[in-house]
Amino acid sequence: MAIVINGAEYPLPDDPRVSLLDLLRERLGLTGTKLGCNQGGCGACTVIVDGARVLSCLTLAVQADGREVRTIEGLAAENGGLHPLQQAFIDHEGFQCGYCTPGQICSAVAMVAELRRGDPSYVTVDLAEGLKEPTRQELRERMSGNLCRCGAHNGIVDAIEEMLIGGTA
Ligand code: FES
Ligand code: FES
């Protein structure tokens, strides 16, 4: 049993009760992923598994057996440069304390793939129109599982819009 995290293979814990979040933070020292509520309500622990965003606090590590996990540590370019969305967060003041930021960024990166697939959201008005230019309402709805207690949501949406316009996700 093994799990690929940011391109490197790791053994899964012997204890099947260990969450993916605890594996990342407590056992592997990948503390970029944050522990917020630990019950699925805040999105701070969001990581990307096989291209889809998941809440690592509600996911057992064994569920990631044989799958590819990307965390915030794995989003940067190979030369160490910031992911374009990380830079956009800086440019648009998309964070204050920064605690929610890794989850916001992982969520947004995977969310763009949902948009490009044409997956509808609760506020999608016309599915036939497609979702090539999602409104801010769409982005807010799709990011509604990621809470920012500092209230940086406007900057976060600005940053995601910039990433979408640049097509860099
Ligand atoms: S820590 Fe996982 S959703 Fe809050
Ligand atoms: S930047 Fe502080 S919780 Fe989001």
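Is glutamate 162 buried, partly exposed or exposed? Select glutamate 162 to begin: at 37% relative accessibility, this residue counts as partly exposed (buried is under 20% relative accessible area, exposed is over 50%, and partly exposed is in between, with a 1.4 Å probe and protein chains only).

Before moving on, a word on the model. This is a predicted model, in which local features need pLDDT of at least 70 and side-chain atom pairs count only at pLDDT 80 or more, while totals for chains, interfaces and linings use all residues. Residues are numbered from 1 along each chain as its sequence is written, and side-chain values use heavy atoms, with hydrogens and water left out.

**Stop 1: around glutamate 162**

Glutamate 162 sits in helix 5 (helices are DSSP runs of H or I with at least four residues, strands are runs of E with at least two, and both are numbered from the N terminus). Show what surrounds glutamate 162: beyond its neighbours within four places in sequence, it is in contact with Ala88, Asp91 and His92 (contact means heavy atoms within 4.5 Å).

**Stop 2: the nonpolar cores**

Next, select Leu75, Leu85, Ile105 and Ile160. These residues have the most contacts inside the largest nonpolar core, which has 24 residues (a nonpolar core is a set of buried Ala, Val, Leu, Ile, Met, Phe, Trp, Tyr and Cys residues joined through side-chain atoms within 4.5 Å). Helix 2 (84-91), helix 3 and helix 5 (153-166) each supply at least two residues of this core, and helix 3 gives the most, with eight residues. Centre on isoleucine 105 and you will find it touching Ile72, Leu75, Leu85, Gln86 and Phe89, not counting residues up to four places away in sequence. A second, separate core has 13 residues, including Ile3, Leu24, Val47 and Ala64. In soluble globular proteins, nonpolar side chains tend to be buried together.

**Stop 3: along helix 3**

Select residues 101-117, which make up helix 3. Of its 17 residues, 14 are buried, leaving the helix mostly covered. Try the distance tool on its end C-alpha atoms: they are 25 Å apart, which agrees with the 24 Å that 17 residues should span at 1.5 Å a residue (the expected span is 1.5 Å times one less than the number of residues).

Then pick glutamate 114 in this helix. Glutamate 114 is buried, with a relative accessible area of 16%. Its side chain makes a polar contact of 2.9 Å with the side chain of arginine 53 (a polar contact is a pair of N or O atoms within 3.5 Å; within protein, one must be able to donate a hydrogen and the other to accept it, and residues adjacent in sequence count only if both atoms are side-chain atoms). Just after the helix, glycine 118 takes a positive phi of about 85°.

**Stop 4**

Five of them form an open sheet in the order 2-1-5-3-4, with mixed pairing (two strands pair if DSSP finds at least two bridges between them). Strand 2 and strand 4 are the edge strands, each pairing on one side only.

Start with strand 1 (residues 2-5) and strand 2 (residues 8-11), which pair in the antiparallel sense over four bridges. Here isoleucine 5 has alanine 8 of strand 2 as its bridge partner. Two residues lie between these strands in the hairpin, where asparagine 6 takes a positive phi near 50°. Moving on, strand 3 and strand 5 (residues 68-70) run antiparallel and are joined by two bridges; isoleucine 48 has arginine 70 of strand 5 as its bridge partner.

Bring helix 3 back into view: it lies across strand 3, strand 4 and strand 5, running at about 40° to strand 3 (axes are lines fitted to C-alpha atoms, for helices over the stretch in contact, and angles run from 0 to 180 degrees between N-to-C directions).

**Last stop: two loops**

Where does asparagine 38 lie? Look in the loop between helix 1 (20-27) and strand 3 (46-49). Asparagine 38 has a positive phi near 60° and, at 45% relative accessibility, counts as partly exposed. Finish at aspartate 50, in the loop between strand 3 and strand 4 (52-55). Its phi is positive too, near 50°, and aspartate 50 counts as partly exposed at 46% relative accessibility. Most residues other than glycine have a negative phi.

Definitions and conventions: Chains are lettered from A and ligands numbered from 1 in the order in which they are written.
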